[in-house]
Amino acid sequence: SGEVLGTSRYYDYDPKARAVAIGYTFLVRSRWGGATNSELKQLMLDYAFLHVDTVWFHVGEQNLRSRKAVEK
């Protein structure tokens, strides 16, 4: 449909440690609580693990909604 659902990014790439972080994910409210976040993160993990051995998720301690999503 061409609808923009949100954004996420890779950052803090460390080629020596073969590690990268995934975060800064923002989804439109209509996609909260559904499968979109898990599908997005799975696609990003699949791609990242072609190039690195470690992927970090940085989530704010007080960001309970994001913490629960990552724990799923």
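Predicted model: local features only at pLDDT ≥ 70, side-chain atom pairs only at ≥ 80, totals over all residues.
Some ground rules come with the model: local features need pLDDT of at least 70, side-chain atom pairs count only at pLDDT 80 or more, and totals for chains, interfaces and linings use all residues. Residues are numbered from 1 along each chain as its sequence is written, and side-chain values use heavy atoms, with hydrogens and water left out.

**The overall layout**

The protein chain has two helices and three strands. Here helices (H or I, at least four residues) and strands (E, at least two) are DSSP runs, numbered from the N terminus. Their order along the sequence is β-β-α-β-α. The C-alpha trace spans about 40 × 35 × 20 Å along its principal axes.

Of the 72 residues in the chain, 22% count as buried. Buried means under 20% relative accessible area, exposed over 50%, and partly exposed in between, with a 1.4 Å probe and protein chains only. Among contacts with a separation of 6 or more, 43% join residues 24 or more positions apart; a contact means heavy atoms within 4.5 Å.

**Helix α1**

Helix α1 has 13 residues and reaches 18 Å from its first C-alpha to its last, close to the 18 Å expected at 1.5 Å a residue. That expected span is 1.5 Å times one less than the number of residues. Thr36, Asn37, Lys41, Met44, Leu45 and Ala48 are buried in α1. They cover an arc of only 160 degrees around the axis, so they sit on the same side of α1. The arc is taken from the directions from the helix axis to the C-beta atoms. On the other side of α1, Glu39 and Leu43 are exposed. The buried residues of α1 pack against β1 (6–14), β2, β3 (54–57) and α2.

**A look at tyrosine 11**

Tyrosine 11 is found in strand β1 and is buried, with a relative accessible area of 15%. Leaving out residues up to four places away in sequence, tyrosine 11 touches Val20, Ala21, Ile22, Gly23, Tyr24 and His58. Glycine 23 lies 12 residues from tyrosine 11 along the chain, and their C-alpha atoms are separated by 7.7 Å.

**Two pockets**

A pocket is found on a 1 Å grid over the protein atoms alone: it is an open set of points where a 1.4 Å probe fits, with protein on both sides within 12 Å along at least five of seven lines, and lining residues have an atom within 4 Å of a point. Grid points are joined across faces, edges and corners, and a volume is the space filled by probe spheres set on the points. For the lining classes, Ala, Val, Leu, Ile, Met, Phe, Trp, Tyr, Cys and Pro count as nonpolar, Asp, Glu, Lys and Arg as charged, and the others, Gly among them, as polar.

| Pocket | Volume | Lining by class |
|---|---|---|
| Largest pocket | about 650 Å³ | nine nonpolar, 10 polar, four charged residues |
| Second largest pocket | about 160 Å³ | four nonpolar, three polar, two charged residues |

The largest pocket has 23 lining residues, and the closest to its centre are Thr25, Asn37, Arg65, Ser66 and Ala69. β2 (19–27), α1 (36–48) and α2 (64–71) each supply at least two residues of this lining, and β2 gives the most, with six residues.

Asn37, Ser38, Lys41, Gln42, Leu45, Phe57, Ala69, Val70 and Lys72 line the second largest pocket. The elements that give two or more residues to this lining are α1 and α2, and α1 gives the most, with five residues.
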